[in-house]
Amino acid sequence: MRDVAIIGVGMNKWGELWQKPLRDIFVESALLAIEDSGVDHIDSMYVGCMSSGIFVGQEHLGSLLADYLGVNPIPCTRIESACASGGAAVRMGFMDVASGMSDIVLVGGVEKMTDVSGGGATYALSTAADQEYEVYHGVTFPGLYALMARSHMHQYGTSREQLAQVAVKNHENGSKNPLAQYPQKVTVEKVMNSILIADPLRILDCSPITDGAACAILCPAEMAKKLSKKPPVKIIASGHATDTIALHSRKDFTTLNATVKAAEKAYKMANLKPEDINLAEVHDCFTIAEIIVIEDLGFVKKGEGGKATESGMTALDGKIPVNTSGGLKSKGHPVGATGVGQLIEIVHQLRGEAGQRQVKDAKIGLTQNMGGSGGSTVVHIMQAM
Amino acid sequence: MFPARYWREIPQRYRLEANKCKKCGRTYFPPRLVCADCKSRDFEPLKLKDEGKLLTYTVIRVPPSQFIEQSPYAIGIVELDGGTRILTQIADCNLDKLQIGMRLKIEFRKIQQDGEAGILCYGYKCVPV
Amino acid sequence: MTGIVGYGAYIPRNRIKLEEIAKVWGADAPSYKRGLLLYEKSVPSPDQDTITMSVEATKSALKRANIPPEEIGAVYVGSESHPYAVKPSGTVLAEAIGATPEVHCADYEFACKAGSEAMFVCIGLVESGSVKYGLAVGADTSQGAPGDALEYSAAAGAAAFIFGKDNAIAKVHHTYSYMTDTPDFWRREYQFYPRHASRFTGEPAYFKHIIGAAKGIMDKARMKPEDFNYVIFHQPNGKFPQRVGKMLGFKKEQIEPGWLSPTLGNTYSGSSPMGLTSTFDISKPGDKILMVSYGSGAGSDAFILEVTERIDEIRDKAPKTRWMLDNNKTYIEYGTYAKYREKIRMGT
């Protein structure tokens with residue numbers, strides 16, 4: 001297996017991109033990534049997208065996007081793993097390069113979510129849960145994470161304030177990210193007084209509806225220095241795991257086993273421990289998700305995610321900064337693009353390009369991208385070369 | 001909802017029909033073809049109990065469009081006596097008095113309907129005992 | 001001899017007080033209460049309808065009957081609010097209790113008499129030996145037009161009876177029907193609310209048919225009002241059953257156990273059948289019961305029943321009707337009522 005490097009990344013500001021169709025949103029970020037890398041061609045493409053069929057009525061994205069990027073006839077496949085589609089696309093590209101099948105691979109993610117009503121978006125997202133035994137009964141994604149939050153609060157005494165502190169921290173980080181959809185800072189009080197969506201979760205505990213894309217160029221590490229204009233970053237581990245799609249089928253609602261298992265695989269592959277990680281981008285689709293995920297990644301003990309957040313451990317100047325980009329909460333959550341967006345933040349940090357939110361001496365970064373209520377998770381670990 | 005999709009699940013929705021692995025005893029709702037624990041494919045039918053306890057809950061305030069007239073409503077994960085867990089609505093409850101551990105029983109309710117002219121979809125909900 | 005082997009009822013938990021409805025229409029609540037003897041009524045939730053209430057009432061009947069559901073050969077649901085205009089309620093009920101596929105199913109409609117109609121047919125089928133057990137349900141989620149007098153009474157509830165020959169809790173001694181064509185109350189196709197002929201629904205309709213059926217069955221059985229322990233009449237409001245009882249020579253005490261309408265309202269096809277369930281809840285072996293239904297259009301079915309010793313064994317195996325009426329109540333306001341009863345036009 002060959003070592004794989006990231007030699008270029010690209011994304012535009014995420015948000016409600018009323019003027020732009022899905023194809024242009026994607027092509028703009030792909031062109032930025034190609035330009036950032038300096039390559040003159042690509043050999044293959046993988047694009048993560050959760051639900052273009054429902055959001056914009058378009059499937060067969062591989063052909064559409066290769067066509068509009070002007071790279072026909074190279075192979076291009078759309079990858080779907082709900083909100084982990086972006087991370088899964090990165091993993092496909094990683095395997096393509098590592099196997100020796102392709103040299104220069106574009107991995108990307110895209111979602112255009114604002115061409116449907118709020119109810120339409122709720123429906124599209126709900127298809128990531130068990131249609132017959134969860135969604136049939138009227139549960140929504142905020143509802144599923146609220147069920148986890150209630151369990152976590154009951155079992156470990158996690159407080160409503162601690163949930164709010166995740167949002168406060170991530171919006172503080174997002175305020176330093178020019179590409180964030182909601183860079184506004186929020187206070188604990190503001191989060192706790194925002195509209196109830198699914199008790200105990202409020203609107204400011206939830207990630208937004210976002211249009212956006214993100215792309216990266218991968219190549220064999222041995223070619224990276226020659227090809228790349230900027231300092232390359234090596235992908236030193238890729239872990240992927242699944243869990244039951246239905247939350248109620250799990251033994252414990254306070255842990256996400258796919259995250260535990262994907263992280264285990266990634267740490268083993270990288271020969272690292274959780275304490276070796278300098279910063280992480282994790283899937284904070286809801287505030288409770290970040291609390292559970294930092295436990296399951298081994299940054300803190302089970303049950304201590306809320307306290308750790310409260311103590312500032314995961315803040316920009318903390319022991320392990322989490323979601324320096326602003327996370328899904330502030331930067332936005334165009335579901336299929338999210339996993340690639342996380343990777344881009346780690347690349348910026350490891351290159352030392354993160355500006356006001358730069359983590360000092362960042363050498364090793366981790367991304368955790370999750371689908372549904374945790375039915376799939378992809379973890380990548382990156383290292384500055 | 002196209003009728004066939006609804007109709008196929010009637011044994012589960014109306015009568016809580018599950019199955020049980022003959023080798024290791026684990027129960028599945030809905031019934032499965034392969035045991036996730038011991039990989040056996042040898043199952044026997046099992047009907048779930050109609051009482052249980054609440055493991056966790058939420059109140060949906062922003063519902064999918066076909067649930068608007070029921071909003072706000074409680075959703076919970078319920079462990080039925082015998083150990084099988086289901087996700088379901090908790091009807092006829094005081095939304096401020098839900099508690100983890102409270103006893104619930106199954107009632108037959110209309111779950112949703114396919115617009116003004118489509119089929120009516122029935123199934124199980126829980127209510128406080 | 002054919003008898004009832006199990007019975008059950010179901011009442012939704014929501015209630016609305018008469019004052020709450022009167023307030024919206026500027027009506028004089030005290031005089032309505034005096035005039036109709038109505039104080040509050042049951043209201044179904046958006047997730048409840050004739051089918052769901054039929055299933056719950058039948059589950060209670062099955063607990064009391066203690067028979068295998070697959071031995072039920074006929075499933076009949078009587079209602080004027082079947083959720084589908086075309087597609088049976090009975091198939092859902094039969095499937096939910098596990099009585100399919102060897103079963104005969106039919107939905108009945110005869111205004112408030114559809115429940116007793118189902119009972120009548122079941123008795124005939126069991127008596128003839130065509131089926132071992134027959135299930136008859138009377139259930140309704142009745143609607144009254146906003147502001148109409150019916151809005152004070154139109155309520156929701158269900159009663160279920162399983163008929164069979166062995167292990168009866170009450171034997172059916174006599175049945176009798178009394179019918180004429182009398183257009184006192186109707187609902188045309190595609191209309192959401194029923195219409196009625198106001199005072200014409202009284203003397204030539206309700207009173208004439210109930211009295212005709214009651215006298216007819218008593219003549220047939222050679223019995224007099226004082227031979228009965230209890231009597232149940234259809235209950236469109238609190239007052240009519242009391243008045244018709246008095247006209248026939250029954251005493252208040254005979255009527256009272258099955259007199260649910262003051263706090264339940266009129267559950268249409270469920271009305272007199274639910275009264276019968278609450279009478280069973282307090283009756284003793286040997287008690288003789290007369291039930292007379294009434295359905296607009298118009299007609300009455302009458303039944304003479306005698307309670308057996310088995311009543312004491314099975315009475316407590318399911319919730320009692322009066323208990324459901326008096327407990328676990330949630331009072332709602334008119335706005336919530338209007339939303340629950342689809343009186344508010346929703347956007348799509």
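The model is predicted: local features need pLDDT of at least 70, side-chain atom pairs count only at pLDDT 80 or more, and totals for chains, interfaces and linings use all residues. Residues are numbered from 1 along each chain as its sequence is written, chains are lettered from A and ligands numbered from 1 in the order in which they are written, and side-chain values use heavy atoms, leaving out hydrogens and water.

**The interface**

Chain A gives 29 residues to the contact, and chain B gives 34 residues. Contact means heavy atoms within 4.5 Å.

| Feature between chain A and chain B | Value |
|---|---|
| Buried area | about 2800 Å² |
| Part of that area from carbon and sulfur atoms | 56% |
| Salt bridges | three |
| Residue pairs in polar contact (both at pLDDT 80 or more) | 17 |

Buried area is the accessible area (1.4 Å probe) that two parts lose on being put together, summed over both. A salt bridge puts a side-chain nitrogen of Lys or Arg within 4 Å of a carboxyl oxygen of Asp or Glu. A polar contact is a pair of N or O atoms within 3.5 Å; within protein, one must be able to donate a hydrogen and the other to accept it, and residues adjacent in sequence count only if both atoms are side-chain atoms.

On the chain A side, Tyr133(A), Tyr136(A) and His137(A) lose the most area to chain B. Together they account for 30% of what that side buries. Arg61(B) and Asp199(A) join their side chains in a salt bridge, at 2.8 Å from N to O.

In chain A, α6 (141–156) and β5 (196–198) are the elements that give two or more residues to the side touching chain B. The largest share, seven residues, comes from α6(A). Helices (H or I, at least four residues) and strands (E, at least two) are DSSP runs, numbered from the N terminus.

**Two packed helices**

In chain A, helix α7 (residues 160–174) packs against helix α11 (residues 287–296) at about 95°, with axes 8 Å apart. The two are therefore roughly perpendicular, a label for angles of 65 to 115 degrees. Val166(A) and Ala167(A) are among the α7(A) residues in this contact, and Ile288(A) and Ile291(A) are among those of α11(A).

**Chain B**

Chain B has two helices and eight strands. Along the sequence, its pattern is α-α-β-β-β-β-β-β-β-β. Its C-alpha atoms fill a box of roughly 45 × 35 × 20 Å along the principal axes.

Note on methods: Axes fitted to C-alpha atoms, helices over the stretch in contact; angles between N-to-C directions. Parallel < 35°, antiparallel > 145°, perpendicular 65-115°, else oblique.
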